[in-house]
Amino acid sequence: MIADNLLRIQNENPQSVQLVVVSKTRSQAEIMQAYETGHRVFGENRVPEMVEKSEVLPQDIQWHMIGHLQTNKVKYIAPFVSLIHSVDSLKLLKEINKRARQNDRVIDCLLQFHIARESEKFGLDLSETGFLGEKPFRDMQHVRICGVMGMATFTEDENIIRSEFKSLREIFEKLQSDVFNENPTFREISMGMSGDYKLAIEEGSTMVRIGSHIFGPRE
Ligand SMILES: *Cc1c(COP(=O)(O)O)cnc(C)c1O
């Protein structure tokens, strides 16, 4: 079932859209069913769980951190994380840069924006991105900002979801032209989950994060 679901989603999505299989709470056996289809990109939202899985599962898995990341936990994932979707402060970015340097790596990151109506969701506002033009950020040699990430409101109302995805795309385009000067490294829009990824793709998503549509509902 897991393999069938994954392959069906892969076949339906445009090739240009990267699927991140969200494996939080799933067992090693479940993850291996997805892995055996050839899929290598998995997303986790908790540091201890991601570290534990990275130690026991195949080494060629690319682990994406998709959940809120505390500064004091960055050191545990810095040796291996492939992409951090949830950068929401300059303080966090500085810590990622420091830990990446200690590991002799450059860590790819996305800036998470707050686009939903729910106040408990994390993320920056466009007005808080001034640091991207300033020296402390420009001096960071060990992080690479590859795009943006956001989560829509949990609602049945497609108009709300669509307008939130549109707003993330507008933020992306503004940063792409005004801050990143069309640098091709800045290219990802991570938006869309099991309930809303089709809308997200219509609105320009380049990366969808899907868990329950592949593995079934979480406990
Ligand atoms: C859990 C989670 C997902 C996937 O959710 P599903 O509804 O199971 O597809 C995507 N993004 C983030 C940030 C998550 O925490």
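Where is the place of Asp-139? Let's start there and then turn to the ligand.

## Asp-139 and its loop

Asp-139 sits in the loop that runs between helix H6 (135-138) and strand S6 (143-150); helices (H or I, at least four residues) and strands (E, at least two) are DSSP runs, numbered from the N terminus. This is a predicted model, where local features need pLDDT of at least 70, side-chain atom pairs count only at pLDDT 80 or more, and totals for chains, interfaces and linings use all residues. Residues are numbered from 1 along each chain as its sequence is written, and side-chain values use heavy atoms, with hydrogens and water left out.

With a relative accessible area of 42%, Asp-139 is partly exposed (buried is under 20%, exposed over 50%, partly exposed in between; 1.4 Å probe, protein chains only). Its side chain makes a polar contact with the side chain of Lys-135, at 2.7 Å (a pair of N or O atoms within 3.5 Å; within protein, one must be able to donate a hydrogen and the other to accept it, and residues adjacent in sequence count only if both atoms are side-chain atoms).

## Around the ligand

Now for the ligand: the residues surrounding it include Val-22, Ile-66, Met-149 and Arg-218 (near means a heavy atom within 4 Å). The shell splits into six nonpolar, three polar and three charged residues.

One is 2.7 Å from a side-chain N or O atom of Lys-24, one is 2.8 Å from a polar backbone atom of Gly-211, and one is 2.7 Å from a side-chain N or O atom of Ser-212.

Conventions. Nonpolar A, V, L, I, M, F, W, Y, C, P; charged D, E, K, R; others polar.
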